[in-house]
Amino acid sequence: WKFGSGIDLRPGMALRAGNIFTDLMLDGTLRAGRLRAAPGDTVAYGFLRAGVRAVAYDATLQGGLFSSDPGRTVRPRRATGEIEAGLQWQRASWAVRVSLVGRSNEIAGLPESQGRESFFRLSISYSP
């Protein structure tokens with residue numbers, strides 16, 4: 001949805017089904033800045049993304065899919081949240097994205113104050 005030439009809101013959905021993660025993510029990203037440019041021009045914008053995830057299986061917490069060792073696993077929270085704020089720059093085939101991410105606790109039974117995460121993300125991509 002566009003709110004002007006330099007502001008938009010983009011909904012998103014991601015489904016992962018596999019032997020490491022099985023979950024559904026719904027999110028929304030608010031972007032502001034230079035969102036579109038002629039070929040060869042620079043695209044640069046700030047963004048704020050918020051999302052919720054419904055977790056069916058997480059091998060990083062529950063162990064391997066075929067593992068029968070319950071001593072090395074924890075129960076995941078079935079609903080988690082994430083928020084991300086950052087900047088993206090893109091020109092021709094290159095893009096750089098920097099952001100700060102905050103995630104809610106992913107482990108059932110662990111207090112939110114101990115289980116939440118915050119981290120810096122840097123992504124550099126090249127698409128010829």
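**Sheet, pocket and cavity in the predicted model**

Strand β3 supplies the largest share of the lining of the largest pocket, 3 residues. The structure is a predicted model, in which local features need pLDDT of at least 70, side-chain atom pairs count only at pLDDT 80 or more, and totals for chains, interfaces and linings use all residues. Residues are numbered from 1 along each chain as its sequence is written, and side-chain values use heavy atoms, with hydrogens and water left out.

The pocket holds about 170 Å³ of space. Its lining comprises 13 residues, and Arg16, Phe21, Arg53, Asp58 and Glu106 lie nearest the centre. At least two lining residues come from each of β2, β3 and α1 (59–62). Helices (H or I, at least four residues) and strands (E, at least two) are DSSP runs, numbered from the N terminus. Grid points are joined across faces, edges and corners, and a volume is the space filled by probe spheres set on the points.

The search of the whole structure finds 1 cavity of 30 Å³ or more. The largest cavity has about 50 Å³ of space. Met25, Arg53, Thr80, Gly81, Glu82, Arg103 and Glu106 line it. Here β4 gives the largest share, 3 residues.

The strands themselves form an open sheet of 6, in the order β1-β2-β3-β4-β5-β6, with antiparallel pairing. β1 (7–17) and β6 (117–126) are the edge strands; each has a single partner, so one side of each lacks a neighbour in the sheet. On average, neighbouring strands are turned by 20° against each other, direction ignored. Such angles are taken between axes, which are lines fitted to C-alpha atoms. Two strands count as paired if DSSP finds at least two bridges between them.

β2 (residues 21–34) and β3 (residues 42–58) run antiparallel and are joined by 14 bridges. Within this pair, Asp27 has Gly51 of β3 as its bridge partner. β3 also pairs with β4 (residues 79–91), antiparallel, over 13 bridges. There, Phe47 is partnered by Gly86 of β4. β4 and β5 run antiparallel with 10 bridges. Ile83 stands opposite Gly102 in β5. The two strands β4 and β5 form a hairpin with 2 residues between them, and Ala92 in the turn has a positive phi of about 50°.

Asp23 lies in β2. This residue is buried (under 20% relative accessible area; exposed is over 50%, partly exposed in between; 1.4 Å probe, protein chains only), at 6%. Its side chain makes polar contacts (N or O atoms within 3.5 Å, one able to donate a hydrogen and the other to accept it; residues adjacent in sequence count only if both atoms are side-chain atoms) with the side chains of Arg16, at 2.7 Å, and Arg53, at 3.2 Å. Beyond its neighbours within four places in sequence, Asp23 is in contact (heavy atoms within 4.5 Å) with residues including Ala14, Leu15, Val55 and Ala56.

Ser104 sits in the loop between β5 (94–103) and α2 (112–115). Its side chain reaches the backbone nitrogen of Gly81 at 2.8 Å. Not counting residues up to four places away in sequence, Ser104 touches Thr80, Gly81, Glu112, Gly115 and Arg116.

Definitions and conventions: Axes fitted to C-alpha atoms, helices over the stretch in contact; angles between N-to-C directions. 1 Å grid on protein atoms, 1.4 Å probe; cavity = no way out; pocket = protein on both sides within 12 Å on 5 of 7 lines; lining within 4 Å.
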